[in-house]
Amino acid sequence: MKLKVLDFPSQSKHKGFVGCVAWNSSNELVSCGDDHKVLVFKAEEHLMYDPASLTNLSEDIFPTDIHFIPKTSGVSGGASTKASKTEFVLTATNGTFMLCAKNGAVEKTVEAHRGAILAGKWNHDGSALG
């Protein structure tokens with residue numbers, strides 16, 4: 001897959017710095033910025049459609065990383081339980097990480113550090129976070 005990056009400042013969907021982006025298994029690009037927005041861009045063939053707002057984060061959250069649970073054996077949510085709808089982890093400069101559903105709903109917020117969490121990644125089967 002080739003990704004062609006174009007700069008259209010007048011058409012920017014975020015206001016300010018975009019701290020992290022990630023592809024999910026549904027061929028969507030998710031971006032998080034200092035404007036506290038989480039946007040999802042749907043991609044089909046060679047087209048990228050206008051983004052939809054996935055969620056708005058609170059004013060004290062500045063995202064640093066986003067990572068989706070890997071697909072394993074075609075099961076949504078990796079090795080997570082059926083009761084969990086967690087699809088991605090979002091880390092922030094305030095020392096928290098959030099477990100989020102595909103629709104952007106924050107399922108759980110964990111205060112993990114006094115400083116920023118720069119990265120959060122799932123293991124290969126989605127059963128652990130590091």
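Two strands count as paired if DSSP finds at least two bridges between them, and strands themselves are DSSP runs of E with at least two residues, numbered from the N terminus. With that in mind, select Met 98 and then look across to β9, where its bridge partner is Thr 109.

The model is predicted, so local features need pLDDT of at least 70 and side-chain atom pairs count only at pLDDT 80 or more, while totals for chains, interfaces and linings use all residues. Residues are numbered from 1 along each chain as its sequence is written, and side-chain values use heavy atoms, with hydrogens and water left out.

**The whole sheet**

Next, select the strands β6, β7, β8 and β9, which in that order form an open sheet of 4 strands with antiparallel pairing. At its edges lie β6 (63–68) and β9 (106–111), each of which pairs on one side only. Neighbouring strands of this sheet are turned by 20° against each other on average, direction ignored, where the axes are lines fitted to C-alpha atoms and angles run from 0 to 180 degrees between N-to-C directions. Strands of a sheet pair through backbone hydrogen bonds, either parallel or antiparallel.

**Strand β8 and its partners**

On moving to β7, residues 86–92, you find antiparallel pairing with β8 over 5 bridges, and here Phe 88 has Cys 100 as its bridge partner.

Follow the chain through the turns: β7 and β8 form a hairpin with 3 residues between them, and Gly 95 in that turn has a positive phi of about 85°. The hairpin of β8 and β9 has 4 residues between the strands, with Gly 104 in the turn at a positive phi of about 95°.

Which residues of β8 point one way, and which the other? Thr 96, Met 98 and Cys 100 point one way, whereas Phe 97, Leu 99 and Ala 101 point the other way, and all are buried (under 20% relative accessible area with a 1.4 Å probe, protein chains only; exposed is over 50%, and partly exposed lies in between).

**Trp 122**

Finally, select Trp 122 in the segment after β9, which counts as buried because its relative accessibility is 13%. Trp 122 and Phe 68 are 54 residues apart in sequence, yet 7.4 Å apart in space, C-alpha to C-alpha. Leaving aside residues up to four places away in sequence, Trp 122 touches several residues, including Phe 68, Phe 88 and Leu 99, where contact means heavy atoms within 4.5 Å.
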